[in-house]
Amino acid sequence: MEPEETAPVGMASIAAAAGVSVSTVSRALSGVPGVSTVKRAEIGRIAKATGYLADESGRDASRDVRATGRITAVIPEPDRWVFGSILAGLHDVLTPTGATLTVFQGLSSRERAKLFEATALSRDSDVVVLVPMPRRLPVPDVRRLGVPVVVAGSVVEGVASVGIDDVVVGQQATNYLINSGCTRIVYASSTDHEGTPGNASRLRAEGFAARMKRAGLDPSWQVEVPFGATAGQAAAEQLLAGESLPDAVFASSDDLSSGMMSAFRKAGVRIPEDLSIIGVDDSPIASLMHLTTIAQPARQQGHLAASMALRALQGDPASEPVTLETRLVVRDSTGRPTSR
């Protein structure tokens, strides 16, 4: 059974009282389809009784407020599975409410941070959703924007945010490979548009290094390539050009892992007999390629970020960061190493 996701303050208690999941509460309170009329009404009654929602007898005041809300999402590349899924989750929740969602997309971390220097962002928005938090944007700058800010895709202390623990992701993947008997493990990642590692890649590398050192293994074997369609091929070619291959590769995303798998197989490397590969995300390509991965609830991050944004429109901005659970999904790309 999948672990229950962590919820904003109050939502978990509503879920327990109604006998449903946190995601069902989120859908019910946000007007998203998929919840029965009876259960939606019950959840609404509990939310009002606990003070989570104001009781506006006779009318849906929250929908009136939401319908005039202007929400702006700032996102790097919607064609990357995790960011596209978060954006889809925002649409799931916001579309039925009538709130306006504007998307700035295709921006580097530097460009996203620079948006906060322009007055247009705060002038034309009632709430801003960052997907994820730009690396160069200090939290004090976020607070000075003048409108509520929600972050999806990374956990930021002191800011309404939802994401996963990327250090734990690195630990989960590395532990699994070590427990499978692998000792020569490579961490592979890609840089962003500016040639530097993203926050998620950097934190996953920290988790990788910590678990390798704890097991008495060398964490220094790491490969870093520029982001792009051929990133996986480039990472595999670096390893193929070396004197010997590792036992396993922990790649920072499924996209990178799948590209590496294709390149290795083309070169005659058997997976997992010669080399194990594990990725992160559990995107559709992971299932298609039978890739072992660490699954993250990307669309759920969008759902919860949208709920936080709607609460902010009602004058009740959340400030507690929310960390969702990840889980290991074992498929055919990993196994016990054989002697070569």
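Biologist: Which helix holds both Lys 39 and Glu 42, which are separated by about one helical turn?

Modeller: Lys 39 and Glu 42 are 3 residues apart, and about one turn of the helix separates them. Helices here are DSSP runs of H or I with at least four residues and strands are runs of E with at least two, both numbered from the N terminus. The helix that holds this pair spans residues 37-49, and its name is α3.

Biologist: On what basis are the residues numbered and the features counted?

Modeller: This is a predicted model, in which local features need pLDDT of at least 70, side-chain atom pairs count only at pLDDT 80 or more, and totals for chains, interfaces and linings use all residues. Side-chain values use heavy atoms, with hydrogens and water left out, and residues are numbered along each chain as its sequence is written, from 1.

Biologist: How far apart are the closest N and O atoms of Lys 39 and Glu 42?

Modeller: The two residues form a salt bridge, meaning a side-chain nitrogen of Lys or Arg within 4 Å of a carboxyl oxygen of Asp or Glu. Lys 39 is partly exposed at 22% relative accessibility, and Glu 42 is likewise partly exposed at 23%, where partly exposed lies between buried (under 20% relative accessible area) and exposed (over 50%), with a 1.4 Å probe and protein chains only. The closest N and O atoms of this pair are apart by 3.0 Å.

Biologist: How many salt bridges does the structure hold?

Modeller: Among them is the bridge between Asp 124 and Arg 123, with the closest N and O atoms 3.5 Å apart, and Asp 124 is partly exposed at 41% relative accessibility. The number of salt bridges in the structure is 9.

Biologist: Which helix holds both Arg 202 and Glu 206?

Modeller: The side chains of Arg 202 and Glu 206 meet in a salt bridge at 3.4 Å, N to O. Arg 202 is partly exposed with a relative accessible area of 38%, and Glu 206 is partly exposed at 41%. The two residues lie 4 residues apart, about one turn, in a helix spanning residues 199-214, namely α10.

Biologist: Which residue of β2 does Ile 71 stand opposite?

Modeller: Strand β1, residues 70-75, runs parallel to β2 and is joined to it by 6 bridges. The residue of β2 that stands opposite Ile 71 is Leu 101.

Biologist: How many residues of strand β9 are buried?

Modeller: Ser 276, Ile 278 and Val 280 point one way from β9, while Ile 277, Gly 279 and Asp 281 point the other way, and all are buried. Strand β9, residues 276-281, is therefore largely enclosed by the rest of the structure, the buried count being 6 of the 6 residues.

Biologist: What is the phi of Asp 281?

Modeller: Most residues other than glycine have a negative phi. Asp 281 lies in strand β9 and is buried at 7% relative accessibility. Asp 282, found in the loop between β9 and α13 (284-288), has a positive phi near 65°. The phi of Asp 281 is also positive, near 135°.

Methods: Pairing = 2+ DSSP bridges.
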